Amino acid sequence: MTEFHYALDADGVATITWDVPGKTMNVMSFEGLRELDACIDKALADDAVKGVVITSGKADFAGGMDLNVLADMRDNAGDNPAQGLFDGIMSMHHLLRKIELAGMDRKTQKGGKPIAAALPGTAMGIGLELPLSCHRIFAADNPRAQIGLPEIKVGIFPGAGGTTRLSWKLGAMAAAPLLLEGKSNNPAKAKAAGVIDEVVPAADLLSAAKAWVLGAKDADLVKPWDTKGYKVPGGTPYSAPGFPTFVGASVMVHANTWGVYPAAKALLSAVYEGLQVPFDTALKIEARHFVSVLMNPSSSAMIRSLFVNKGALEKGANRPDVPDEKVSKVGVLGAGMMGAGIAYVSAAAGIEVVLLDSTIEAAERGKSYSTGILDKAIKRGRSTEEKKARLLGQITTTTDYADLQGCDLIVEAVFEDPKVKAEVTAKAEAVIPETAIYASNTSTLPITSLAQASNRPEQFIGIHFFSPVDKMLLVEIIKGAQTGPRAVAKALDYVRQIRKTPIVVNDARFFYANRCIIPYINEGMRLAAEGTPLPMVDHAAQLLGFPVGPLQLVDETSLDLGAKIAKATKAAMGNDYPDDAVDDVVFWMVDEGRLGRKSKAGFFDYDDAGKRLGYWTGFGARYPAQDGADLTEVQNRLMMAQVLEAVRALEEGVLEDIREGDVGAILGWGFAPWSGGPFGWLDIIGAEKAVAICDDLEARFGKRFACPQMLRDMAAKGQTFYGPKSVLKAA
Ligand code: NAD
C-alpha cells in the first residue's frame, strides 16, 4: 500500500492513515479508493479489531478528489461513458456505505465496528464525504482548517454521498449554503453547523477518537437515516414545513444561476427526490444526477479551466526554466488606488515592501488602505492585532528613492503618463540592484515603449493587476519585445507568492483582458444607444452566465475612464477608430455628470450609500427605447464582441496558450464560467455555428464581427480548440 497505511494497536483499534507520498495534501485517486477499500475489509474481517480510526499523515486531512478520476471513469468506458461514470460512482457509494454499516447485522443493527474520522486540518470534497460516512467526526482545533464541500464552484456537486448525507443530516435548509454555495467553515463553525461532531486540541485528536471508538455502543453506530421513522430536520418536500423550503430553494438557485449552471439544478433535484425514498435509493438518485452533470459539456469545461488549467498556471506551466526568483523585497512606486492594493497583497504574503510616492502624505494614505482592510478583518474575527502589526511593520513609506536599495522587484503604479513613468524608472534603476526586475502596472501603455526608459530592457516587464487588487484573482504578465526569461520567471514567482493566478501574454494594445472587456462594454453601450431597453442589455449577458452585464460593469469601472481610453485609442488609431457610436454615449454621459457608481449616477441611479436603485430613466430622453429587440441577437452580439477578440489575440500571438485565454477571461472579467471561457464556449457551440453567427452579424452590424480566418478554417476541418481534434495540435 502506498496511499493508505494500516496499523493495529494493542487495544484493538486499527488506524488507517491517509498519506499520499510526494504531496503536501491528500487527494483521492483510483489507487487510494482501492487501498481504502482493502483496509476497511481487513479491519472488518479481523476479530482482533474492535474499531477503526481514519486519519491523515499530513497537516490536513484531504483536499478532495483528483478530478482526473472522474474523467478516467468516463473515458475508459468506451461507447457508454455514462454507464462507466455511474458504475464508478456507485462503487464509491458501496465503499462509503460499507464504512457506514461497518459490518453490522442490518436487521438487529448490532455487531458493527465503530469507525471514527480524525481530521487534523482541512477536509474538503471527498475529504469530508468520507468522514460523513463514519460514525463520529473529530477535528483538531486548527483555526486555519477548512471543512466543506466546494464542488459546486467547479461546476459539479458532491457526488460521493455528500449531497445526500449532508441534506439528510442537517435538513435541506441548513445544508443549502454548504452544498449550493460550496461554503466551507473552520472546525468550530463546522461543529456549530452540525457537520462534524467534536473539536479537540490537536495533540489529543487521535486519543480522543480512539477513546470514543473503544467506548462506542451498537446504537452509536446507527445513522439516523437507518433508524425507523427518522424525520429529516425541516421535513421532506411533501411535508408542510418542507414544501416552502424547496419552492424557495428553486427560486434562489434560479436567481443566482440564471438557469445556466446544470450542477446547481441537478443538486437540488437529487436532494428533492432523494428525501422521498429510502436512503440507499437516494444515493442511487444522487449518482444518476451526478452522471448527468458530468456528461454535460459545461462541467468538463469548468473542471478543465477552473481546476486543471488554473492549477497548472498557478504551478508555473508557462514559467521559463530558470532558477528560483522568489521576491524578498518589493518597491512599489505610486501609492494610489493600485499601489496601495499591491503593497497590501505583497505584505500579506510576507514580502518586505517599500511604498514610495511623491509626498509622504500620499505614501501614508496608501499604507492606510492596508490598515482599513485589516481593521475590517479583525472586526469579523478573521485577523488579529498582532497580525495587523506584523503586516503593517512590513510596509515602509517613503519619498526617497534611496530606500529602494536592496529591492529585488519594483512594481510601478504611478500616473498613466509615459513621461512620469520614464522619470521614475530612471530614478529607481539608479539605486536598485543590477539584478532587480522592474515591472509596470500600466493598463494601456505598451511595455516595449515604456522599456525604452530602462537601461535593462530584458529585466523590464508588465505586471498588470486588476482592481480591487486584494479581491481580484488574476494578474496579467506582459512580455515586452525585449523582456527576458528571468523577468518572466520573477513575475510568475511573485504572483505565486501573493497567491493569485497568472497569465503571460505578449505586448499589444490593452494586452489581453482589457482588449476583450472593452468591446464587450462598448457593444452594451451601442445596444443601449440603438434603443435596446437597458435592463435587457444587462439581463441578456446575465442569461449567458455573466455575473454582471456590460452597463453595470461600465458603471463600476466609470465612464470617465471610458472617455479617457476612447480619446487615447482614437489618437492612436486615427481613421481606423471603430467606436464613434459608443463615444456619443460615453461623452454625453460624462457631460451629464453620470460617471458611474463613483458619482452615484450612471446607467443606474444610486442612493447616498452607493446602492443601485434601478436603471436611469433619463437615458431614454436622448436614446428612446425601441420595441422588438431580439434576445438571441443581443446575446450573440455581446458574446461575439469579446470572444472574437480572444480568437484574434490568439491568431496574433498575443495569447500563446488558450488555457491562459480561458482562465484569464473567467477570473479577469467574469466570462461565463459555465462555458470554461471563450475558447471553451466556442468548442461547446462548435466552430461551424460560430462562423454562421459571425457572418450574420457582420452582414448586419459591420466588420467588427468579421469571422477570424482561424475559426473559418476550423469550421471547414471540423476542428476544436481542445481535445483530440484540436487545431493547435494540428498546427
Ligand atoms: P492613482 O492616481 O490612484 O495613483 C497614482 C499614484 O502615483 C498617486 O498616489 C500619485 O501621487 C503617485 N505618483 C504620481 N507621480 C509620481 C511620481 N513621479 N513619483 C511617485 N509617485 C507618483 O492611479 P491608479 O489608479 O492607482 O493607477 C496607477 C497605475 O495603475 C496606472 O498606470 C494605471 O493605468 C494602472 N492600473 C489602474 C487600474 C485601475 O483600475 N485604476 C487597473 C490596472 C492598472
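**Ligand shell**

I sorted the shell around the ligand by residue type and got eleven nonpolar, eight polar and three charged residues. For this I counted Ala, Val, Leu, Ile, Met, Phe, Trp, Tyr, Cys and Pro as nonpolar, Asp, Glu, Lys and Arg as charged, and the others, Gly among them, as polar. The model is a predicted one: local features need pLDDT of at least 70, side-chain atom pairs count only at pLDDT 80 or more, and totals for chains, interfaces and linings use all residues. I number residues from 1 along each chain as its sequence is written, and side-chain values use heavy atoms, with hydrogens and water left out.

The ligand is surrounded by 22 residues (near: a heavy atom within 4 Å). I noted Met-338, Asp-357, Glu-416, Lys-421 and Ser-443 as the closest.

I then looked up which elements supply the shell. Helix H13 (337–348), helix H16 (418–429) and strand S16 (460–465) each give at least two residues. H16 has the largest share, three residues. Elements are DSSP runs numbered from the N terminus, helices being H or I with at least four residues and strands E with at least two.

**Polar atoms at the ligand**

Glu-416 has a polar side-chain atom 2.5 Å from a ligand oxygen. For Asp-357, an N or O atom of the side chain is 2.6 Å from an oxygen of the ligand. Ser-443 places a polar side-chain atom 2.8 Å from a ligand oxygen. The protein buries 78% of the 840 Å² that the ligand exposes when taken alone. Accessible areas are from the Shrake-Rupley method with a 1.4 Å probe; for residues, only the protein chains shown count as cover.

**Whole chain**

I recorded 30 helices and 20 strands for the protein chain. The C-alpha trace spans about 85 × 65 × 55 Å along its principal axes. Of the 731 residues, 55% are buried. Buried means under 20% relative accessible area, exposed over 50%, and partly exposed in between (1.4 Å probe, protein chains only).

I followed strand S1 (residues 4–8) into strand S2 (residues 13–18); they pair in the antiparallel sense over five bridges. Pairing requires at least two DSSP bridges between the strands. Leu-8 stands opposite Ala-14 in S2. Four residues separate the two strands of this hairpin, and Gly-12 in the turn has a positive phi of about 90°.

**Single residues**

Thr-164 is in helix H5 (residues 162–170). I list Thr-164 as buried because its relative accessible area is 4%. Its side chain makes a polar contact with that of Glu-286 at 2.6 Å. A polar contact is a pair of N or O atoms within 3.5 Å; within protein, one must be able to donate a hydrogen and the other to accept it, and residues adjacent in sequence count only if both atoms are side-chain atoms.

The peptide bond between Ser-467 and Pro-468 is cis, with omega about -5°. Pro-468 is in the loop between S16 and strand S17 (474–479).

I also looked up Phe-510, which is not a glycine but has a positive phi of about 65°. Phe-510 is in the loop between strand S18 (501–506) and helix H19 (513–530), and counts as buried at 10% relative accessibility.
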